[in-house]
Structures are given as structure tokens and as C-alpha cells.
Amino acid sequence: MYKLLVLDIDDTLTNVARVVPPENLAAIRRAQEAGVYVTIATGRGYFGSEAIRKQIGMQGPTINYGGALIYDTRTDAPMFCTSLSSELVHELLTLAEELKVHAQLYQGDGIVYREENHWSTRYWSFLDLPHTADPYILEKRWENVPKVLFIADPERVQRMIPELMERFKGRAKVSGSLANYIEFNDPYAHKGSAAAWVANHLGIDRSEVCAVGDNLLDLEMIEWAGLGAAVANGNPAVKEKADIVIPACAENGVAWLIDNIILR
């Protein structure tokens with residue numbers, strides 16, 4: 001019944017940056033052997049998700065930067081891309097300075113931020129990413145930026161997201177991913193539109209797509225898919241919109257979904 005399975009990575013497929021749990025990986029293999037195309041949809045960049053892609057053994061489109069970029073894993077080339085305007089990038093970086101939160105923009109496979117701090121160090125070391133601290137970041141014009149990320153304490157992030165959604169309505173897609181993160185993308189670039197693009201590219205109907213996630217960055221994807229699933233550890237707003245709530249990430253909910261729904 002389902003020919004395309006789209007998986008969020010962090011806190012959905014895995015709790016470890018570069019390792020897919022063996023139970024989930026074995027279930028993914030079973031799905032692939034049954035003819036299901038399994039891909040990932042993540043806020044991470046292409047390089048940052050490389051280890052996960054290679055373990056899954058994907059041969060085709062993969063969704064990065066929250067839907068802003070779709071790459072072909074067979075060629076390592078972009079198939080679809082969107083970016084934030086340079087004016088909006090500057091506005092976001094300036095706002096981060098005013099709010100005293102860490103902000104970073106994405107250039108290719110690397111990240112750029114104004115100064116090194118515990119948030120930046122934790123981020124690039126988590127994903128082993130190329131990184132640059134640029135004290136003149138606000139004085140430069142930045143092009144081809146698929147995403148800007150704010151990082152702050154979880155309690156503050158939860159308060160800020162609704163306010164930022166209203167402030168940038170129609171100009172940027174504002175969403176949460178991990179508890180500390182606020183993601184800014186092109187308003188029409190999200191995991192839902194990217195999953196639709198991938199399905200169309202593969203000739204798969206919406207009703208034949210299953211998508212799994214945990215946080216607000218996954219919301220449009222879960223709403224769009226024929227079967228939208230949220231892990232039990234997910235954001236309450238996401239679980240409310242999902243067609244099904246599956247076991248938590250730590251309980252290998254992806255494997256449960258594959259064996260009990262996809263392959264049943």
C-alpha cells in the first residue's frame with residue numbers, strides 16, 4: 001500500500017547523530033526489499049546527514065535543510081533548491097544580536113556564525129561539520145542561504161516560536177526541530193512540499209506515501225502524507241495532527257511502523 005517512506009532523523013529515526021539503531025536499520029532493509037523507497041527529510045544539510053544516508057543505502061532523492069534542498073544521492077547534485085533572500089538573512093542575523101541568541105547560516109555543507117560559543121561548538125561537533133566564525137558576518141551580503149538557525153534554551157525557544165511565526169508570516173517558514181532550535185526557511189520550502197516533489201519525481205501517489213516525524217519542522221510533511229505518523233516522544237501539536245502515533249524513538253518506533261503497518 002505504501003511505496004514511499006519519508007523519515008525525519010533526529011529524535012525520530014535515531015537519538016545518536018550518526019548511527020541508525022540496528023532494529024530500525026533491519027526494518028528499513030525489509031521495507032526496501034519489499035520495494036518501498038525509503039528516504040530522509042531532515043533539517044540537517046547534505047554533509048551532516050551523510051552517515052545516515054549511507055547506512056540506509058539510499059539511491060535517489062533525499063530532503064535536506066527542512067525541505068529547502070533536495071539532493072540526488074547517486075550524483076551528490078541538487079535536484080531542487082530554494083534560498084532565503086540576502087535581505088532576510090541580514091534581518092535575521094541582526095534580530096539574533098538584539099535577542100542575544102546564537103544564529104548561524106548555511107553555506108554549502110558548512111555553517112557560519114559571528115563568534116564561537118557553546119551552542120556553535122556543540123552543533124558542529126555533533127554533526128562534524130565545516131564551520132567558520134566570522135566577526136564581520138553582519139557586514140557581508142549572503143547569497144544561496146537555504147536556512148538560518150537560532151539556538152537558545154528550550155524554554156525560551158518555546159516562547160519565541162509563536163512570536164517569530166507572526167513576525168515573519170509570509171516571509172519565512174518558522175518552525176522548531178530539536179528543543180533548542182528555531183529554523184527559518186523560505187515560506188514555501190518545507191518538508192511537506194519537498195515530500196510532494198519527491199513523490200511526484202518517483203511517480204508515487206500521495207496516498208502511497210508514509211511520513212514520520214516528531215517536531216514542528218515535520219508538521220506539513222505529516223499532514224500531507226497519505227499516512228502521517230508521529231513518534232510518542234514528539235511535540236503534542238504534531239501528534240494531534242498525525243494519523244497515527246507510534247512508539248517513541250528510543251523504542252524503535254520506525255521499526256514498529258514498518259513491520260506493523262508498511263509491510264503488514
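Q: How many disulfides does the count come to in this predicted model?
A: The count comes to zero disulfides. A disulfide is a covalent bond between the sulfur atoms of two cysteines, and to be counted here the two sulfurs must lie within 2.5 Å.

Q: What makes C210 count as buried?
A: Buried means under 20% relative accessible area. C210 sits at 0%, so it's buried.

Q: And how do you know whether C249 is buried or exposed?
A: Its relative accessible area is 3%. Since the limit for buried is under 20%, C249 is buried too.

Q: Why are helices α1 and α9 called roughly parallel?
A: α1 (residues 22-33) and α9 (residues 253-262) pack at an angle of about 30°, with their axes 8 Å apart. Angles under 35 degrees count as roughly parallel, so that's the label this pair gets. As for handedness, α1 passes α9 in a left-handed crossing.

Q: Which residues make the contact of α1 with α9, and how do they divide?
A: α1 brings E23, N24, A27, I28, R30 and A31, while α9 brings G253, V254, A255, I258 and D259. They divide into six nonpolar, two polar and three charged.

Methods:
Residues numbered from 1 in each chain as written. Predicted model: local features only at pLDDT ≥ 70, side-chain atom pairs only at ≥ 80, totals over all residues. Heavy atoms only, no water. Buried < 20%, exposed > 50% of the residue type's maximum accessible area, 1.4 Å probe, protein only. Axes fitted to C-alpha atoms, helices over the stretch in contact; angles between N-to-C directions. Helix = DSSP H or I, 4+ residues; strand = E, 2+ residues; numbered from the N terminus. Parallel < 35°, antiparallel > 145°, perpendicular 65-115°, else oblique. Left-handed = near helix turned anticlockwise from the far one by under 90°. Contact = heavy atoms within 4.5 Å. Nonpolar A, V, L, I, M, F, W, Y, C, P; charged D, E, K, R; others polar.
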